[in-house]
Amino acid sequence: MLKHWSKLLNTDCVVIGIGERLVYPIYISGSTSLRRASDRSYTNEEINALDHIDIIIRNPNERFVSGINVYSSQNNITVPEVHHLVKEGNLVDRHIVPQYVWLCHLYRFFKGTVTLKPLDAISDYCDNHNHRNRSKTMVDTIAEFVDVDHRLLEQLGHTQKLQHIVERYKDVLS
């Protein structure tokens, strides 16, 4: 499954700076707000020179529902239709894949230390979290899209090598 999802990550990997902090923005985890607050960015090979990166991790169930809704809105497809396509394996999108997949994308370019932080820590980086109050059509979560991220929640607040996180959970997506 990870191999299938990795095809989505053929874009540049970008870490942003906000003041003295470095943050890796993940889609549907405050990335728009973080990018708007950024004052510099590092791309691909530039990331390897960094020492420490913070990563905002959102509640996986909330993120999945938001991802389905964002895809629906951006592509003019109903939320139930998007959910059905995802459930049947006919649609995978950057807004919906597990946050763990994004950590694997970062790991291609960065082998250093990270700290996983909860979404409410976003106020430490920016004043205005966009989309926080947007209404959503609720859908049931799909286990393969949220299970590994529920395990990531156990790592919130811990500072460790990104490699340890990637290796610890790599078999969850098998």
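**View 1. Contacts of Ser 72.** Leaving aside neighbours within four places in sequence, Ser 72 is in contact (heavy atoms within 4.5 Å) with Ile 77, Thr 78, Val 79 and Val 82. This is a predicted model, in which local features need pLDDT of at least 70 and side-chain atom pairs count only at pLDDT 80 or more, while totals for chains, interfaces and linings use all residues. Residues are numbered from 1 along each chain as its sequence is written, and side-chain values use heavy atoms, with hydrogens and water left out. Ser 72 lies in helix α3, residues 60-75. Helices are DSSP runs of H or I with at least four residues, numbered from the N terminus. Ser 72 has 9% relative accessibility and so counts as buried. Buried means under 20% relative accessible area, exposed over 50%, and partly exposed in between, with a 1.4 Å probe and protein chains only. The Ser 72 side chain also reaches the backbone nitrogen of Val 79, at 3.4 Å.

**View 2. His 83 in helix α4.** Helix α4 spans residues 79-87 and holds His 83. His 83 is buried, at a relative accessible area of 12%. Not counting residues up to four places away in sequence, His 83 touches Phe 64, Ile 68, Val 139, Asp 140 and Ile 142. Asn 69 is 14 residues from His 83 in sequence, and their C-alpha atoms are 9.0 Å apart.

**View 3. His 95 in the loop between α4 and α5.** His 95 is found in this loop. With a relative accessible area of 11%, His 95 is buried. Its side chain is joined to that of Asp 93 by a polar contact of 2.5 Å. A polar contact is a pair of N or O atoms within 3.5 Å; within protein, one must be able to donate a hydrogen and the other to accept it, and residues adjacent in sequence count only if both atoms are side-chain atoms. Beyond its neighbours within four places in sequence, His 95 is in contact with Tyr 27, Ile 28, Arg 63, Gly 67, Val 70 and Gln 74.

**View 4. Helix α5 against helix α7.** The axes of α5 (residues 99-107) and α7 (residues 162-169) come within 10 Å and cross at roughly 135 degrees. Axes are lines fitted to C-alpha atoms, for helices over the stretch in contact, and angles run from 0 to 180 degrees between N-to-C directions. The two helices are therefore oblique to each other. Under 35 degrees counts as roughly parallel, over 145 as roughly antiparallel, 65 to 115 as roughly perpendicular, and the rest as oblique. From α5, the contact uses Tyr 100, Leu 103, Cys 104, Leu 106 and Tyr 107; from α7, Leu 162, Gln 163, Ile 165, Val 166 and Tyr 169. Eight of the nine α5 residues are buried.

**View 5. Helix α5 against helix α6.** The axes of α5 and α6 (residues 143-152) come within 7 Å and cross at roughly 70 degrees. That makes the pair roughly perpendicular. Gln 99, Tyr 100 and Leu 103 of α5 meet Val 148, Asp 149 and Leu 152 of α6.

**View 6. Helix α3 against helix α6.** The axes of α3 and α6 come within 9 Å and cross at roughly 145 degrees. Pro 60, Asn 61, Arg 63 and Phe 64 of α3 meet Phe 145, Val 146, Asp 149 and His 150 of α6.
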